[in-house]
Amino acid sequence: MNIYLPIAEMSVNIFLILGLGVVTGVLSGLFGVGGGFLMTPLLIFIGVPPAVSVSTVGNQIIASSVSGFLAHWRRENVDFKMGWFLLGGGLVGSTLGVEIFRWLKQLGYIDLIISVSYVAFLGVIGAMMANESVRSIMGIVKKHSPHARPKLATRLPFKIEFPKSKLHISAIMPVAIGFFVGIMVSLMGIGGGFFLIPAMIYLLGMPTAVVIGTSLFQIIFITANVTFLQAITTQTVDIMLALLLLSGSVIGAQFGSRWGAKLPADYLRASLAAIVLLVALKLAWGLFTPPSDIYSVSVLE
């Protein structure tokens, strides 16, 4: 049973799209990740244009982020003051990122930029996760030094108190981090948690307890801003595709969360690392493999 995707300008099997949503939902529930960094490459693999894939996946990220944010808010694990500074930089960065996206699309380079960015991003993240998982499974424990306050965040001007995170740091740092993450969300169609969470811990020195909830708070609005701007400026948000993916992922996440609670954490991380590296290799292979149809013919009316 096929369905036509008006923005992607292609017909796809409805059960294939629902299946991708279910698989990504299972992975999200199983590994505790948003799934955007996996959904976008999977859509590219089945022939959806990279620009449409990046812009459309944001709808799924918004839904999963809202659900996670509400859970952390109820547990009072959100630093709203820090979140507003991150959000300020993120809104500017994401707006600029959409303009960069539009410019690259006009030049015809956006598909290449998206693929190269994902190969680099997934390759680095997958390698780091694999190294950590293997060391953990083999019992090689790295000795961690006591957590030190990041020097740059305390040396820059415009210092502000963040009582929830127990920090007195420069406001420049969270704004700059939000700005960078906003650009990445626009160009790659991800929630930004893979960039944001490590930056909040190691560059800002935030306590781990409030990092995830604060990150989700910022991601909701940044991703919504990107999705809205992409729909207006580049017309690359396919609502039909988004609804099918969201329907499947909601179902898959329920099963993934149940299975994830029963499996060892180390082996879960190792499995996710393997999936991430395989996706990166598949994308890299596509960059160096000549297409089956070198030329295409279009009819001008």
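1. Buried means under 20% relative accessible area, exposed over 50%, and partly exposed in between, with a 1.4 Å probe and protein chains only. By that scale Trp73 is partly exposed, because its relative accessibility is 46%. Across the 301 residues of the chain, 46% count as buried.

2. A note on the basis. This is a predicted model: local features need pLDDT of at least 70, side-chain atom pairs count only at pLDDT 80 or more, and totals for chains, interfaces and linings use all residues. Residues are numbered from 1 along each chain as its sequence is written, and side-chain values use heavy atoms, with hydrogens and water left out.

3. Overall make-up. The chain has eleven helices and four strands. These are DSSP runs numbered from the N terminus: helices are H or I with at least four residues, strands are E with at least two. Contact means heavy atoms within 4.5 Å. Of the contacts in the chain with a separation of 6 or more, 76% join residues 24 or more positions apart.

4. Helix H4 against H7. Two packed helices are described by the angle between their axes and the distance between the axes. Axes here are lines fitted to C-alpha atoms, for helices over the stretch in contact, and angles run from 0 to 180 degrees between N-to-C directions. H4 and H7 pack at about 35°, and their axes are 6 Å apart. Their crossing is right-handed; that term applies if the near helix is turned clockwise from the far one by less than a right angle, and left-handed if anticlockwise. The contact residues of H4 with H7 comprise 14 nonpolar, eight polar and no charged. For these classes, Ala, Val, Leu, Ile, Met, Phe, Trp, Tyr, Cys and Pro count as nonpolar, Asp, Glu, Lys and Arg as charged, and the others, Gly among them, as polar.

5. Helix H4 against H9. The angle is about 25° and the axes lie 9 Å apart. H4 and H9 are therefore roughly parallel. The crossing of H4 and H9 is right-handed. Their contact residues divide into 13 nonpolar, nine polar and two charged.

6. Helix H7 against H9. The axes of H7 (residues 172-188) and H9 (residues 208-233) come within 10 Å and cross at roughly 45°. H7 is therefore oblique to H9. This crossing is right-handed. H7 contributes Gly178, Val181, Gly182, Val185 and Ser186 to the contact, and H9 contributes Gln218, Ile222, Thr223, Val226 and Gln230. The contact residues of H7 with H9 are four nonpolar, six polar and no charged.

7. Aromatic pairs. A pair of aromatic rings is described by the distance of the centres and the angle of the planes. Rings of Phe, Tyr and Trp (its six-membered ring) pair if their centres lie within 6.5 Å; planes under 30 degrees apart are stacked, over 60 edge-to-face, and the rest tilted. The structure holds five such pairs. Trp73 and Phe80 are edge-to-face, because their ring centres are 5.9 Å apart and their planes stand at 75°. Phe80 has a relative accessible area of 28%, so Phe80 is partly exposed. Ring pairs join Trp73, Phe80, Trp84, Phe217 and Phe221 into a cluster.

8. Phe85 and Phe162. Which geometry does the pair of Phe85 and Phe162 have, stacked or edge-to-face? The pair is edge-to-face, because the centres are 5.5 Å apart and the planes are at 80°. This pair links distant parts of the chain: Phe85 is in helix H4 (residues 80-107) and Phe162 is in strand S3 (residues 159-162), 77 residues apart. Phe85 is partly exposed at 24% relative accessibility, while Phe162 is buried at 0% relative accessible area.

9. Other contacts of Phe85. Not counting residues up to four places away in sequence, Phe85 touches Ile160, Phe162, Ala171, Pro174 and Val175. Phe85 and Ile172 are 87 residues apart in sequence, yet 8.7 Å apart in space, C-alpha to C-alpha.

10. Ala199 in helix H8 (residues 193-202). Is Ala199 buried or exposed? Ala199 counts as buried, because its relative accessibility is 11%. Leaving aside neighbours within four places in sequence, Ala199 is in contact with Ile177 and Leu204. Ala199 and Val211 are twelve residues apart in sequence and 9.8 Å apart in space, C-alpha to C-alpha.

Terms used:
Angles under 35 degrees count as roughly parallel, over 145 as roughly antiparallel, 65 to 115 as roughly perpendicular and the rest as oblique.
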